[in-house]
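Student: I am new to this structure. Please take me through its aromatic rings, one close look at a time.

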Amino acid sequence: MVRTRKCLSGAVLLLVTVAGACGNSGGDTTPTTTAPPETTTTAPPETTTTAPPETTTTAPPETTTTAPPETTTTTTTTTTTTTLPDLRHEFVALDGVPGVTDTQIRFAVIGIRSNNPLGTCILDCYLDGIRSYFEYRNAEGGLFGRELVVHEELDDELLQNQVRALEVIAGEDSFAAFSATLVASGWGDLDEAAIPTYVWNIHAAESANRFNIFGHIPAMCADCTQRHVPYLAKISGATKVASLGYGISENSKVCAQSVADSIDRYSADIGAEMGYFNDDMDYGLPNGIAPEVTAMMEAGVDFVSTCMDLNGMKTMALEMKRQGMEAVLYHPNTYNHPFVAEAGDLFDGDYVAPQFEPFEADSGNESAAAFQAQMEAEGRELSELSMIGWINAHTAFEALLGVGPEFDRASVVAEMNGRTAWDAGGLIVPIDWTRQHVPTTPDDQSNGYLLECAATLRMSGGAMETVADPATPWICWDNADQAWSEPQQVSFGG
């Protein structure tokens, strides 16, 4: 197998989003084969008012005259039911709770708009999802007699995330925070200030062991092995696999090594082996990728997994086409419908896996349907970041609702930290927040997911379709052990 590395010259600060490549991995445990446990959907709790039952009177039957005549009467009974209070709409005046007035519960949103090296929609698309969720709930009457509002909208300009976080902390104008960024330097400050913070969690180190931070996925093990990419290599009929990453990003380098380790581990089970490894690619591929593609062709590579951004993937696909290299690609960050549509047939046969139930699924999930309907009603485009925003906003709402009308920051954090199967209404793989703020390691799997899952899509003709049945779009393995097995198809909602 060909493995290449090279030394970096100079110091560059840049973070590349590569979390999608790691999926919901659980890492290494003792091999046994166990069927995945049943999955349950935790739907948003409904508040129900039970009306007193009707008083029922059965009229006396007709009197029948014989000799002697008899009269029969049925006695009427009445049942009384206690009406439960609707706590969602109960108003309690609160003093001294930051960001809470008599009419509003206010939130800050910190993310990247300016200086985004990926050129993708992050902060604005994330805000679309949050605002759509708030509008959806406010149309139902809000929460505790108040509206949910985005009060502070802060562009961190790539390198000012900590500055923006400190502004939120000092201002005391927002009850909680949301964040979607490429450099999460302020998350530690928000956590230390005990501000409930809901995030696009592509940052394993910045979210680990921080119990006020709640991501759409929990703190993850970056260097654990997983079965998803080996499975894709297998169903693609591959025999030689390449794993690529950017040298400038430690996350990308660790991710590329994890994929290589996973292929090595399951090589005998999938009928494929590593053929090429390079974790030192130049970010943005400014000099192209021709030599690397040539090297992969010479090594017989027919499946390529990367920990690179969508622009890098397109550059590589174009160079492969130019050189006549036929190989299937796994894209960690290309769940971008306009981008894929514009590429036409360039990505035909390639795979991508968002970290939530994809828009292409048809599981009957009520939360997914509500998201799409609300986004359409507001004239907003569906996107990966808008769904992450919706999921984060739903998490914030449910934590508040779970506490009740007399809430504060500490009680809201404690409420969500008591959830053992939080799935955002079936949109994500269930998270046990009593354990999963602490990441797993290759040697300790006690804080991992119960299931390793991926909502995998295959690209064709500028569109995407689920690999599994659309009704059960998740491909899952039981994490009780790490032995190779065929996955089961799962739905968490419906």
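Tutor: Here is a walk through the aromatic pairs and their surroundings. This is a predicted model: local features need pLDDT of at least 70, side-chain atom pairs count only at pLDDT 80 or more, and totals for chains, interfaces and linings use all residues. Residues are numbered from 1 along each chain as its sequence is written, and side-chain values use heavy atoms, with hydrogens and water left out.

The protein has 12 helices and 16 strands (DSSP runs, H or I of at least four residues and E of at least two, numbered from the N terminus). It holds 22 aromatic pairs (Phe, Tyr or six-membered Trp rings with centres within 6.5 Å; planes under 30 degrees apart are stacked, over 60 edge-to-face, the rest tilted).

Take Y198 and F214. They are stacked, 5.8 Å centre to centre, with 25° between the planes. Y198 lies in strand 5 and F214 in strand 6, so the pair ties together parts 16 residues apart in sequence. Y198 is buried at 1% relative accessible area (buried means under 20%, exposed over 50%, partly exposed in between, with a 1.4 Å probe and protein chains only). F214 is buried too, at 1%.

Now Y335 and F359. Their centres are 5.6 Å apart and their planes at 45°, so this pair is tilted. Both residues lie in loops, and the pair ties together parts 24 residues apart in sequence. Y335 is buried at 4%. F359 is buried at 13%.

Y335 and F359 belong to one aromatic cluster, whose members include Y133, W390 and F397. The charged end of R137 sits over the ring of F397, 4.3 Å from its centre (CZ of Arg or NZ of Lys within 6 Å of the ring centre and within 35 degrees of the ring normal).
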